[in-house]
Amino acid sequence: MVLSSVLGFPRIGAHREIKKAVEAYWAGKLSIEDLNKAATEVKKASWTSLQKHKVDLIPSGDFSLYDHVLDHSAAFNVIPKRYIGLGLSPLDVYFAMGRGRQAEGVDVPACEMKKWFDSNYHYVVPELSEQTEFKLLYNKALQEYTEAKAIGITTRPVILGPISYLVLGKAAKEASANFQPISLLPKILPIYKQLLAQLKEAGVESVQVDEPILVLDKAAELDKQYATAFAELSPVAPKIMLTTYFARLDSNIKFIAKLPIAGLHIDLCRAPGQLDDVLNEIKSTKIILSLGVVSGRNIWKCDFAAAIKQGQKAIDALGADRVIVATSSSLLHTPVTLASEKKLTPQQKDWFSFALEKATEVATLAAILSGSQDPAIATAREKNATSIAKRREFEHTSDDAVRKRVDSITPDMYHRKSPFSTRKEVQAKKLQLPAFPTTTIGSFPQTKEIRTARAKLGKGEITEAEYEDFIKQEIELVVRFQEKVGLDLLVHGEAERNDMVQYFGEQLNGFVFTQNAWVQSYGSRYVRPPIIVSDVSRSGPMTVRWSSYAQSITKKPMKGMLTGPVTILNWSFPRDDVSRKLQSQQLALALRDEVIDLEKASINAIQVDEPAIREGLPLRRSDWDEYLEWAVDTFKLATAGVSDATQTHSHFCYSDFDDIFSSIQRLDADVISIEFSKSDMKLLHTFKQYGYSNQIGPGVYDIHSPRVPSEQEITDRLKASLEIIPARLMFVNPDCGLKTRGWKETEASLANLVAAARKARGSA
Ligand code: GLN
Ligand code: ZN
């Protein structure tokens, strides 16, 4: 019998119950008891519906009020000292680590967050050192297993494995210089043993141990640690299903196949080609193979025919009892259910599967592969074949004009007319910016009034014309403020944007939007990624009216503001029938037209943001070059259509450039702004070391906190930067957009920024 399994489930609840409850708790409007009650209800609902959808192996222990890695740290006593002794309850310590806390005399910043592999989910980074004393403060997996058991549902608990947990962590401040988190393995294993033994004692049959780092290059050097860890854990644990996801195992399968594990899960959506290798390696063992054939990362309906082929191949090699059909990863990265979508057309609805629909898919596939004679299963199979055929048919109806345009891209379209040194001179004449030009990253505070106006427009309570008037007033406000405070290169403030990707997706052809397809980004923050369903094109200018209105009311130069092709692609659900490269090219051509239209409208500086370019890097290094080549090319395709006199800008929300430095240079933006305020000077040294040649604005203060930087702080920051970056290349700006900030701190901070820049110019 082939069993079905789901590796993890969204935590938000079908009606965003958890987001609402957590935020209400933070606001002091909900008690701990009521928060826990909301959590219990959502967990119960998930387990019950997975059971109803006939999933055999239902996960527990994967629920979280904030983040599963943070849960793990809290349970294992990995709590940095700064959160201890503040008089907070354990739950408040947990939330303080996740999001910081500034109330009643307590003022602690949050722990660092990092992107979870190549997804837009962020985890809270564990801080480890020689002084870390692991202790099992509570056993979340056991608690949830017991909770489910109490309502008659037997689950398979999920835990994050010891090696991935350590490797995903970082050295705490107090750690010695050459401390490596993995060195704590001997210290953490006894705690894992305790945890697993408790599960076994409670009658847990099998446990899912997530070791996602096994798909990374660096796991190759951890073979001994894996051998030691699993030799110690296996004897005391329930049967271990070792789970890997998001990429291929490559040669790591060689040592994995020798581990004392009951099962192994592989991602066959991201890496279908690895099946043969894995089968070869485990054929002669007793390892059960869990096939991740239903995507946990995208929302397209699974193609049963293809999945069955892979399933059959595995059955032929291993026998049906050693095969499980599963989601490729946790369903955390997909929305809860299609049933909540009331506005999709029946045709569109037929294309997609969200988490609950995916649960049905794994169950149906398992039944098919087990040779079920149930007529309902046969019908489901036929229906799937029809849906897939219809979708393929739709996919073939490509937009010929767009395809032709992509095919006729010529090499010169990727390059500006002249090199940067020439452009810089021409731009200086045109823009007349002073030395140390001051500017911002684009957005200004998204106030309640702005959000209310947008909501009213959505509900039809105000007309399109009234809304446009309102936005114009907002633009005027932002422009007048920038003039008053003395910024040099202005922006219009992005008041018209709900989100930097959604705003463009809504205006481009080829996108579909949902009402409730929320996916967790971090903590209680959820995003609703648009879905790319067909060839992308622009039906008309998207931002020109805002930028030219803004320019029309000021003599200072206005900077146009767009989101780049790679970022739009990365923060959407992409098509899976054509390459990411093609989708990015199509986006780039649409944006290229917009850039040219902005130039025609006398916008002489244009910023194209690419904060997601790094996040899109493939997990395996050997795949990087191919990605970086098209990612950089498509950015250039979007921006290179303008004359020398137009200054192009780009912005990156991170400071980790070592790996992709030459690609940043190759973008050839006239100016880039980067997050820098939190990092040390190492970053700028990197720029110097690689001889970065274009202009650069290292963020002079951190906009992620309401704190106002003093003029002196900014001056110090500038001075230190000037030791490394030549003055003639320097821009002065905050480190990201201001949309999440309030006006008060924005005004004060930018006044100090301008004062510091003026001082640097010697004109103060
Ligand atoms: N222009 C955008 C803004 O200022 C950039 C946001 C980002 O980098 N994430 O909001
Ligand atoms: Zn940013």
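Mentor: Call a residue buried if 20 or more other C-beta atoms, placed from the backbone, lie within 10 Å of its own, exposed if 12 or fewer, and partly exposed in between. This is a predicted model, where local features need pLDDT of at least 70, side-chain atom pairs need 80 or more, and totals for chains, interfaces and linings use all residues. Residues count from 1 along each chain as written, and chains are lettered from A and ligands numbered from 1 in written order.

Trainee: Is Glu-211 buried or exposed?

Mentor: Glu-211 has 28 C-beta neighbours inside 10 Å, so it's buried. You'll find Glu-211 in the loop between strand 10 (206-210) and helix 8 (223-233); helices (H or I, at least four residues) and strands (E, at least two) are DSSP runs numbered from the N terminus.

Trainee: What does Glu-211 contact beyond four places in sequence?

Mentor: Contact means C-beta atoms, placed from the backbone, within 7 Å. Glu-211 contacts Gly-161, Ile-163, Ser-164, Leu-242, Thr-243 and Thr-244. Ser-164 sits 47 residues from Glu-211 in sequence, yet their C-alpha atoms are 5.4 Å apart.

Trainee: How do helix 1 and helix 2 pack?

Mentor: Helix 1 (residues 17-26) and helix 2 (residues 32-52) pack at about 170°, axes 9 Å apart. The pair is therefore roughly antiparallel (over 145 degrees; under 35 is roughly parallel, 65 to 115 roughly perpendicular, the rest oblique). Helix 1 brings Glu-17, Ile-18, Ala-21, Val-22 and Tyr-25, while helix 2 brings Leu-35, Ala-38, Ala-39, Glu-41 and Val-42.

Technical notes
Axes fitted to C-alpha atoms, helices over the stretch in contact; angles between N-to-C directions. Contact = placed C-beta atoms within 7 Å.
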